[in-house]
Amino acid sequence: MSQLPFDPLLVSIAAPLALALAIALGLPKRWSVLLAYGAFAIPVLMALHVWWHFTATPLPSHGYAFLTRYDTGLSGLGISLHLGLNGIALPLFVLAALVGLAAGLYAIQSGAERLKIYLMLLLIMQGGLMGVFASVDIFFFYFFHELALIPTFIMVGIWGGRDRSYAAMKLTIYLTLGAMVSLLGLIMLYVQSGAHTFDLIALRAHLAAHPLAATLQNNIAGLLLFGLGVLVSLWPLHTWAPLGYGAAPSSAAMLHAGVLKKFGLYGLIQVALPLLPDGLAHWAHPLAWLAVIGNVLIVGVITIAQRDLKQMIGYSSVMHMGYAFLGIAAGGIIGPGGVVLLMVAHGLSVALLFLLATAIYHRTQTFAMDEMGGLAQKTPVLAAFFVAATLASIGLPGFANFWGELAIFVALWKFSPLITALAVAGVVLSAIYGLRSAARVFFGPSTDALAKVTAAHPPVDLSWKERFPALILLAALLFIGFWPKSLTTPVNAALTARAPAAATK
Amino acid sequence: MTMLSHAIFVLILPLVSAAIIALFLRRAGGIAAAVSTLTATAIAGISVLLALRNERFTESFEWMRFGDFAISLGFKFDDLAALMLVIVGIVGLCVHVFSLGYMHDDAAKARYFGGLSIFMFSMLGIVFADNLFMMFIFWELVGFSSYVLINHWHEKQSASDASKKAFIANRVGDFGFLLGIVMCYWLNGTVNLTELAAKGEAHTLVFSTLIPLFLFCGAVGKSAQLPLHVWLPDAMEGPTPVSALIHAATMVAAGIYMLCRINVLMVPDALTVIMWTGTATALYAALCAITQSDIKKVLAYSTLSQLGYMVAAFGLGSLSDTHQHDGVPHTIIIAAGVGAAMFHLTTHAFFKALMFLGSGSVIHGCHHEQDIFKMGGLRMRMPLTFWTFTIGVAAIIGFPYLAGFFSKDAILYLAYAKNTPVFALLALTAVLTSLYMVRLWKLTFLGEPRSDHASHAHEGGLTLTLPLVLLAVLSLVAGYTAFYPKVFSGVFDLIPVAHDTDHTIIFITSLGVMIVGASTGYTFWKSTPTDTLADKLPGLFSALSALRASFDGAYDYYVAKIQQRFALFVNFFEQIFLAGLIVRGLAGFVGLFGLGARALHVGNLNAYVYWFLLGIVMLWLFATGVVTL
């Protein structure tokens with residue numbers, strides 16, 4: 001199916017990691033920056049290639065394409081570097097590549113202090129992210145997540161903004177806790193399945209024949225929901241997110257909020273839903289209520305109260321994760337399908353918002369929205385991008401996010417009309433905070449505080465170096481928004497193929 | 001080309017225009033205006049062609065699918081869609097041409113015309129939509145275009161606020177609309193309009209009062225019915241041609257169009273709610289219009305009132321008609337509500353667009369003066385605007401044999417036949433309509449100029465006057481449905497027509513209310529710089545003003561005193577309780593693992609690497625069976 005003489009998945013993981021290694025070994029700065037363009041671009045080329053070829057050929061019954069296996073000396077434990085993509089992994093693989101390129105380009109033009117190290121950490125993150133979604137083996141799925149997570153902590157701690165050490169600590173406590181609890185769940189799954197393999201395809205086949213006992217399913221699903229829930233900021237374990245993103249440097253925030261955070265949801269859909277269908281169904285109602293009351297409504301209201309632009313984006317992201325949990329709770333095909341779409345859409349839009357927030361900061365020298373206003377007169381292109389990103393994130397049709405939210409709402413009605421009504425009410429909340437922030441930053445007359453800043457540093461509109469990464473993200477949002485089939489076809493195929501397992505609930 | 005490909009072309013064309021403008025013509029306002037106007041010309045031409053070629057079709061293409069749930073991009077082109085398409089095409093063209101003159105010197109002309117193009121795209125999507133999901137998608141998109149265009153002069157705080165308010169009020173309505181669609185999908189298994197109609201005929205449709213009421217929420221938002229009407233008067237912050245196109249003729253009428261589309265889902269209880277909402281809006285807005293001094297605000301409240309008329313007409317529902325056929329009485333039920341509402345929508349689109357563009361011409365002539373008490377005497381200075389505006393006023397107050405006369409009579413007759421209190425209230429509304437319209441007309445055009453701007457007013461160029469003439473002609477003739485080509489018969493055959501004594505009663509009523517309202521308005525208000533009503537009857541004036549302000553006051557209070565305070569309280573609670581207590585708790589929890597939380601303060605690379613290694617080692621231990629669960 002792939003005409004390439006090499007494995008595109010391995011290359012997209014290895015390219016950023018190899019450059020990171022070279023930088024660590026003392027590659028000069030000029031070469032590091034130059035090669036970084038390539039290292040961030042290669043995964044995108046590979047991702048577009050596999051996307052293009054994915055639907056072209058019929059898939060085997062397990063639904064995976066581009067399968068390759070590399071022995072890592074751990075095969076005795078049922079572990080091997082088994083790479084491949086199914087219809088659920090493919091959209092996220094593409095997402096990781098696109099956001100990675102945007103974050104990389106933005107980092108290169110940012111001229112951050114100690115740029116070399118910054119790029120090195122970002123490249124490690126990027127390699128890890130490509131690995132998370134390309135892994136068929138649960139061990140490597142988890143390993144790559146950790147690989148991408150650790151640079152996040154370091155980047156927040158070193159290049160972070162206000163409160164960076166507190167934010168880094170909080171981030172580490174929460175995310176490590178979440179990762180450890182989910183690891184516990186995964187290991188339980190490995191041990192209890194009795195299949196002696198971490199390979200997802202083999203595990204699924206084994207568990208389809210010998211499903212786990214109900215209590216066991218419930219316990220493992222509970223562990224995974226708690227652990228992965230922390231990683232995806234399920235209320236009330238979400239407080240690390242706005243704080244962490246508020247402090248994180250923009251490229252790290254883009255990659256974490258945009259892609260890495262999706263690890264938890266991806267794990268639930270790719271691992272927990274097919275392997276533990278009854279276990280997840282057992283927790284569906286509490287999960288849905290937590291998500292709708294906590295993430296959607298309470299956090300939605302909190303988002304309205306935010307005065308700091310970056311915190312506002314962070315909270316809004318927590319709110320949208322609520323919709324993702326609702327889709328998982330709703331189950332079936334429509335719910336998880338909507339979640340995959342929303343994951344991709346949210347990843348693109350939140351990365352775009354973090355990028356633009358930093359661009360705004362460079363012009364206003366503040367994230368406090370009270371001290372902005374009227375910026376659109378000086379920077380119309382930046383304003384247009386920000387309004388577009390905001391409208392995308394609040395689910396305007398034409399952008400990818402809409403399809404995800406819509407599918408989730410449709411699925412949710414079958415699950416519980418009451419929860420649906422509450423969840424749809426969140427749409428009004430997001431319109432309030434989204435449009436309010438756009439208005440406070442860009443429209444109306446400018447505030448005195450801003451006038452002082454702009455008098456000293458006349459703001460210039462978005463430069464091409466900033467515009468290009470933003471354009472990548474915006475174009476992807478619009479492309480999926482206008483042509484959702486490009487993603488829903490593989491997702492639907494993957495979910496339909498395993499529907500009997502999911503439908504037993 | 002087949003008719004379907006024409007339809008697809010018409011839908012895609014404005015999107016392409018908008019994309020070209022956004023990508024390449026940001027700094028080339030003149031070219032952008034030309035591209036957008038040419039697009040509008042093509043749309044108008046093909047629309048008329050599509051409607052006249054008596055070919056109706058439905059076709060749909062799958063847009064996305066999860067399991068059995070699929071959303072399609074479809075075209076349902078029946079007489080109803082054809083009529084709406086022609087309205088949108090013609091008014092759209094007039095507004096584009098008018099904008100060429102009106103927005104000639106605007107700094108952000110490209111953004112303006114790009115916005116118009118994206119609006120045309122969104123509106124045409126609503127017209128063609130063959131299923132409710134698609135309608136919802138374009139429904140939100142017209143909301144977006146409206147947001148962009150109201151906010152055109154975004155450096156004004158008032159414009160920024162108004163655009164935000166419009167979008168949020170519409171979202172509140174769309175909340176219900178979306179729930180209604182989803183509910184309909186699960187109850188009936190489809191939201192395709194043709195399939196729903198077929199189910200209705202086969203008596204397999206599942207009814208629920210909730211579905212039409214939820215869907216009606218969408219119309220309440222978009223067509224600015226009570227209690228979500230507050231955004232429309234504020235939307236006048238947008239450029240005047242935008243008000244004509246979006247906030248008078250087409251987008252705000254989409255709510256009525258949508259109701260007509262889902263007529264099959266209606267149940268009596270829902271219709272009653274719809275009828276009373278429309279009646280209340282019609283009367284309330286007419287009362288508000290009386291005290292307005294801004295020429296556009298008068299027209300805005302008038303639009304609200306007329307939209308209320310249409311919604312009330314729809315809510316009045318169907319009429320049974322008994323015919324003698326070969327000596328045997330035959331009773332048929334016709335969807336008279338649909339006919340009357342769409343008929344009034346049609347005539348209103350023309351005469352209200354005419355008056356809005358006329359007010360634009362006035363504002364342009366008076367150097368952006370909008371206060372009618374600073375106008376006066378424009379009859380001599382702007383004769384063409386005066387005469388066309390006069391036709392518009394005559395049409396809206398129901399002057400015999402003009403467009404509004406026929407459509408308003410159809411609604412009054414339907415009300416007369418179905419519900420007497422509604423009939424009385426709508427007749428009262430008609431009195432008020434004549435009253436405030438004649439007041440507006442007199443203060444603006446008659447008497448002596450009351451400001452320098454008015455005394456130096458001048459007629460605009462051809463781009464400003466040509467659209468006025470075209471719309472004036474349509475306002476004269478649009479009521480003669482018999483002369484319309486048969487192509488809209490699917491709609492116009494449904495218009496209720498009074499016979500014999502009923503006809504006389506309705507004719508006398510409508511003539512009477514018009515004369516009473518118009519003569520009172522004409523004799524009572526004097527051409528003075530202050531409002532005669534405020535001078536002579538200050539109590540009534542302030543009562544009406546207070547009535548107008550009541551909704552905005554309540555909402556402002558809610559937003560500032562309740563919503564914002566609640567948000568701050570919840571935020572505070574989160575900071576103190578969750579962030580404070582639970583994070584401590586978690587730190588303690590982690591401490592149980594023997595990894596003292598203090599180590600985390602170290603913040604150096606080593607600590608993080610140890611964490612990572614620990615994870616790996618744990619995995620290894622478990623995996624190799626050294627430790628078992």
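In the predicted model, the hairpin formed by strands S1(B) and S2(B) has 2 residues between the strands, and B:Gly67 in this hairpin adopts a positive phi near 60 degrees. Strand S1 spans residues 57-66 of chain B and strand S2 residues 69-77 of chain B; the two pair in the antiparallel sense over 9 bridges. Within this pairing, B:Ser60 has B:Gly74 in S2(B) as its bridge partner.

Chain B also contains a helix pair, in which helix H3 (residues 79-102) packs against helix H4 (residues 109-128) at an angle of about 170 degrees, the axes lying 10 Å apart. Because angles over 145 degrees count as roughly antiparallel, H3(B) is roughly antiparallel to H4(B). On the H3(B) side, the contact involves B:Ala81, B:Met84, B:Leu85, B:Val88, B:Gly92, B:His96 and B:Ser99. These residues meet B:Leu116, B:Met120, B:Met123, B:Leu124, B:Val127 and B:Phe128 of H4(B). By residue class, the contact of H3(B) with H4(B) comprises 10 nonpolar, 3 polar and no charged residues.

Between the chains, 65 residues of chain A are in contact with 54 residues of chain B. Helices of chain A that each supply at least two residues to the side touching chain B are H5 (138-159), H6 (164-193), H12 (277-305), H14 (334-364), H16 (400-415), H17 (417-442) and H20 (485-497). H6(A) provides the largest share of this side, with 16 residues. The side of chain A that touches chain B consists of 45 nonpolar, 15 polar and 5 charged residues.

Methods: Residues are numbered from 1 along each chain as its sequence is written. Chains are lettered from A and ligands numbered from 1 in the order in which they are written. This is a predicted model: local features need pLDDT of at least 70, side-chain atom pairs count only at pLDDT 80 or more; totals for chains, interfaces and linings use all residues. Two strands pair if DSSP finds at least two bridges between them. Helices (H or I, at least four residues) and strands (E, at least two) are DSSP runs, numbered from the N terminus. Two residues are in contact if their C-beta atoms, placed from the backbone, lie within 7 Å. Ala, Val, Leu, Ile, Met, Phe, Trp, Tyr, Cys and Pro count as nonpolar, Asp, Glu, Lys and Arg as charged, and the others, Gly among them, as polar. Axes are lines fitted to C-alpha atoms, for helices over the stretch in contact, and angles run from 0 to 180 degrees between N-to-C directions. Angles under 35 degrees count as roughly parallel, over 145 as roughly antiparallel, 65 to 115 as roughly perpendicular and the rest as oblique.
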